[in-house]
Amino acid sequence: MIADRKKELAFSLGGMGSSSTNFYNRASSRQGWADVAAAVLERWQAGDRDGAARLVTDDMVLGTTLIGTEQMVRARLAVWRDAGVDTVRLYPAGDTLAARLETLGRAIELVREAG
């Protein structure tokens, strides 16, 4: 899941907007990943999509995505809540519709618990 998310995050950091107006790149920079975000943007815009994805760190993925055990997800939600995040967008994982719906249901419960 982390490898797939790296590709998605590289697209957001490098391909969403232009070199001067990319919300996701700026947000990652504010979160402490300015050097990586800038390098991903540069590689992406040079056409090196795979190279851009390789620059995305596991920490970036785990810091911005609800991936992991329930304990990890709870901890991440608490950090986000304490930072003022009041909206979470969920993309539930699973190989089938039933699995994705189950994941979504549990994720909603965890978000509610986080308050």
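**Salt bridges and aromatic pairs in a predicted model**

Across the whole structure, a search finds nine salt bridges, a salt bridge being a side-chain nitrogen of Lys or Arg within 4 Å of a carboxyl oxygen of Asp or Glu. The structure is a predicted model, in which local features need pLDDT of at least 70 and side-chain atom pairs count only at pLDDT 80 or more, while totals for chains, interfaces and linings use all residues. Residues are numbered from 1 along each chain as its sequence is written, and side-chain values use heavy atoms, with hydrogens and water left out.

The predictor's confidence in each residue is given as pLDDT, from 0 to 100. For the protein, the mean pLDDT is 92, and 99% of the residues reach 70 or more. Helix 3 (residues 49–55) has the highest confidence, at 97, and helix 4 (residues 58–64) the lowest, at a mean of 91. Helices here are DSSP runs (H or I, at least four residues), numbered from the N terminus.

The salt bridges can now be taken in turn. One of them joins the side chains of R43 and D48, at 4.0 Å from N to O. R43 is partly exposed, at 34% relative accessibility, and D48 is also partly exposed, at 29%. For these terms, buried means under 20% relative accessible area, exposed over 50%, and partly exposed in between (1.4 Å probe, protein chains only).

Another salt bridge brings together R74 and E70, at 3.5 Å from N to O. These two residues are four residues apart in helix 5 (residues 70–82), so about one helical turn separates them. R74 is partly exposed at 38% relative accessibility, and E70 is partly exposed at 34%. In helix 6 (residues 97–114), E109 and R106 are three residues apart, which again means a separation of about one helical turn. The closest N and O atoms of their salt bridge are 2.5 Å apart. E109 has a relative accessible area of 40% and is partly exposed; R106, at 25%, is partly exposed as well.

D82 lies twelve residues from E70 in sequence and 18 Å from E70 in space, C-alpha to C-alpha. The D82 side chain makes a polar contact with the side chain of R81, at 3.1 Å. A polar contact is a pair of N or O atoms within 3.5 Å; within protein, one must be able to donate a hydrogen and the other to accept it, and residues adjacent in sequence count only if both atoms are side-chain atoms.

Attention turns next to the aromatic rings. Rings of Phe, Tyr and Trp (its six-membered ring) pair if their centres lie within 6.5 Å, with planes under 30 degrees apart counted as stacked, over 60 as edge-to-face and the rest as tilted. The count by this rule is two aromatic pairs. F11 and W44 form an edge-to-face pair, 5.7 Å centre to centre with 65° between the planes. This pair links distant parts of the chain, with F11 in helix 1 (residues 2–15) and W44 in helix 2 (residues 23–45), 33 residues apart. F11 is partly exposed at 38%, whereas W44 is buried at 12%. F23 and Y24 also pair edge-to-face, at 5.4 Å centre to centre and 80° between the planes. F23 is exposed, with a relative accessible area of 55%, while Y24 is partly exposed at 29%.
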